[in-house]
Amino acid sequence: MIDVTEEIISSSLRIATPLALAALGELVTEKSGVLNLGVEGIMYGSAFVGIATAAQTGSLTAGLVAALVSGALAGLIFAFATVTLGVNQHVAGLGLTLLMISLCNTANRIMFTADGGQVRVDPWQPLNFGGPIFSQYWLTYATFLIAVPFVWWLLWKSGLGLKIRAVGENPEAADVAGIGVAKTRYTAIIIGSLFMALAGAFITLAFVGTFTVNIINGRGWVALALVIFGRWTIGRLLIGAALFSLVNAGQLQLRLLPSFADVPFEILLALPFLAVIVGLAISGRNVPYPGAYLKPYKRL
Amino acid sequence: MNSVEGVVIASRGGAPSIFLRNITKAYGETIALSDVSLDLRAGEVHALLGENGAGKTTLMKILYGLSQPDSGQIEADGVALKIESPRDARAAGIGMVTQHFSLVKNMTVIENIALASAKTFAIDLAGVRTEIVAASARFGLDVPPDAIVSSLPIALQQRVEILKALMSGCSYLILDEPTAVLGPNDIDSLLEVIRRLRSDAGIGIVLISHKMAEIEKVADRVSVLRRGQVVSSSLANGITSKELITLMVGEQQSGAEQRQRSASPSQSPILVLDSVGVTRETGGLSDVSFAVRPGEILGIAGVSGNGQTELVNVLSGTTQIDSGTIEVEGRQLGSNTPQSLMRAGVGILGEDRHASAVHALQVVENLILDCVEKFAGKFQLRRKEMLSHCESAITQFEIKANPKQAFGTLSGGNMQKVLLARLFSRNPKVAIISQPTRGLDVMATNYVRSLIAQASKQGTAVVLVSEDLDEILELADRVAVMYRGSVVGIVDHSEASRESIGELMAGIAK
């Protein structure tokens, strides 16, 4: 039993890594008043660019760098559309997601699967510090030991964070106080996109070591839900990520039990998403959206 | 919908008059209305005049059931009315067109009007259409029944609102600053509509307005509200614009302290606006010129809506100028962005303290929002320094607040003090201060005024924009008067009087 528990916790941490990274990125973005529905697409893009580059160069590090560059570029496009042009954020975000998914699928087919093959790399291996719980990928350690404190520091301790929160709540007041609203939002969107890119790269370069169509599989949307579930605070966001991952890891274990052999696996697969819906239904009401959520800012 | 006929009957039989008796209303400690009585008669245009915050809108909200009085009552023909909601008001024959229209923008005119008739089942759109056409002809309010509301210009949307109110059977119609959103031609046709409704349909109309010219044209009676009290109610043809302005701004309060003025005309001006213009369909600026010297307070007076807000937006950098130049310390600004103005030493206190700060952030965070870099350490904000800066500001400016409290939880007076502390801790060379005491209690008002006087004593040039003429006369060295987006005159303090300024405000003298 202890083995199973440890196993569940261990795989929860793995499952939670890309969710936490993407949700942290979305949190930084949304705190500036911008909803980035491109999160799924940015993850998809960096997952593909990361493994494609790693496969071509033979270097996982090069793959990671390329994934970050692709995330930053996608973020830049999204920022240009929503901040500079003032395009509806829902439309721009969904458009970006559809664009990235289609581009990557096409490139994947041309580059790797046209002759029936599949792109593969030797992924990062878990670093074992003793026991299944402390046998994790370096990016998992980095997420919880570095990225989480970093985002907390960025938003609530740094000057940039104060500016991000100010433009997310009342851009008019921030503008009159001499804070560049557009500049701050660009910065928040791009920082956020880098985290989303890390999340995507983790999946191909560490988790699976290959790329298949629909590899992100809605993780970006779960990250969006986590930000709302977390009421834009890091602590609650992590609790949400942990709950989702535990349910997910639990259902993976359930599938191995003989008594569940007759249960269609899709039902078990749906459990974590059901948990998201229940979680949002319970805690998603009267949430404190940032004051300028979804509102483009323009001087008179 | 036989309500149109209801109007006919009402006007034929002579609609009962409405009497608001001894209405008092307080919001917390602020008294919005104090023992106000007002009567409305059928077939009469009753203009309600007063500065922002004088209580006009509050009074009309009470009449329309949007707000409940603390004491006093509303009577129709001597019988007490219970008006607890707009529905009650409409049942009593009272309609209102608010400043923000309550139309469903993506629906047609017919649908909007059918909606107001509130039938649950089987809406007869064709029947409503016929009724609209009939009512349009009857009231002289032409509207295209099949048009989508959002595709109509503002003036026509307003007509739809008026028609909607009339068709729901009202014999009294409240129009809250109806001309504020209209251009000159549309204003004329609206005034014509008002005349027709009064004379032909016998509707009693309450017209809330700031504009003397309109009141002179259509009002039968004028009531002036000042600080929550009716200071005058008289027939319109017995009173001049100048008298109205004087009533609106009030008599000099005896004992109001005069600021010690130390004239220093030798110094060269620090802020110079030369022929500044902003092109807008309504509410632009044209040919605004003035200069302010160090240590001087230049008051900007004017009836609300004559370009003061636009001028402040220009000087805060949120509205770009289309013509003219702004010079600070002899150097011309390339463009008037918030950053360039701040760098040049211009500080601002905006007219709306809620819009000038971030409610969700802490007091201490709001206080340093305009100088985040100053408190940015190598790795993070120097929280301790921020807090000690905030605590000294709290002491110096007598702010009743905790540094870590959310700004939005402060009282109006304390919000204003935090914003003034932010402004003055930059040691600005020029301070633009707009409506600094609006909605504040007497204590806070006096304190804020003393701060402004003190700043000018220390050499800051102050531009004080205020609708409170007392405030301007108490503080300003010179008074510039705005009328229709221009500065129409600048009067020295020694020559500034209610008469001279009132004439300029009314657009009479030039």
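Helix α6 of chain A is mostly covered, with 9 of its 11 residues buried. The buried ones are A:Gly161, A:Leu162, A:Lys163, A:Ile164, A:Arg165, A:Ala166, A:Val167, A:Gly168 and A:Glu169. Everything described here comes from a predicted model, which scores ipTM 0.83 and pTM 0.79.

Chain A averages a pLDDT of 94, and 99% of its residues score at least 70. Within chain A, confidence is highest in helix α3 (residues 60-84), at a mean of 98, and lowest in helix α11 (residues 265-283), at 88. Chain B averages a pLDDT of 86, with 92% of its residues scoring at least 70. Over residues 1-15 of chain B the pLDDT is below 50, although this stretch still has 28 contacts in the model beyond near neighbours in sequence. Where pLDDT is low, the predicted coordinates should not be read in detail.

Now for the inside of the model. The largest nonpolar core has 243 residues, and the ones touching the most other members are A:Ala23, B:Leu464 and B:Val481. Helix α8 (residues 181-208) of chain A brings the largest share of this core, 18 residues. As for A:Ala23, its contacts, leaving out residues up to four places away in sequence, are A:Ala223, A:Leu226, A:Val227, A:Leu237 and A:Ala241.

Chain B also holds an open sheet of 6 strands, and going across it the order is β16-β17-β18-β13-β19-β20, with mixed pairing. At the edges sit β16 (346-349) and β20 (486-492) of chain B, each pairing on one side only. On average, neighbouring strands of this sheet are turned by 20 degrees against each other, ignoring direction. As a general point, strands of a sheet pair through backbone hydrogen bonds, either parallel or antiparallel.

Helix α15 (residues 442-457) of chain B packs on it, touching β13, β17 (430-434) and β18 of chain B, and its direction makes about 150 degrees with that of β18(B). Helix α17 (residues 498-505) of chain B lies across β13, β19 (478-483) and β20 of chain B, running at about 25 degrees to β19(B).

B:Ser289 counts as partly exposed because 15 other C-beta atoms lie within 10 Å, while a buried residue would need 20 or more. Apart from neighbours within four places in sequence, B:Ser289 is in contact with B:Leu273, B:Asp274, B:Ser275 and B:Val487. B:Ser289 and B:Arg331 are 42 residues apart in sequence and 16 Å apart in space, going from C-alpha to C-alpha.

How values were computed:
Residues are numbered from 1 along each chain as its sequence is written. Chains are lettered from A and ligands numbered from 1 in the order in which they are written. This is a predicted model: local features need pLDDT of at least 70, side-chain atom pairs count only at pLDDT 80 or more; totals for chains, interfaces and linings use all residues. A nonpolar core is a set of buried Ala, Val, Leu, Ile, Met, Phe, Trp, Tyr and Cys residues joined through C-beta atoms within 7 Å. A residue is buried if 20 or more other C-beta atoms lie within 10 Å of its own, exposed if 12 or fewer, and partly exposed in between; C-beta atoms are placed from the backbone. Helices (H or I, at least four residues) and strands (E, at least two) are DSSP runs, numbered from the N terminus. Two residues are in contact if their C-beta atoms, placed from the backbone, lie within 7 Å. Two strands pair if DSSP finds at least two bridges between them. Axes are lines fitted to C-alpha atoms, for helices over the stretch in contact, and angles run from 0 to 180 degrees between N-to-C directions. pLDDT is the predictor's confidence in each residue, from 0 to 100.
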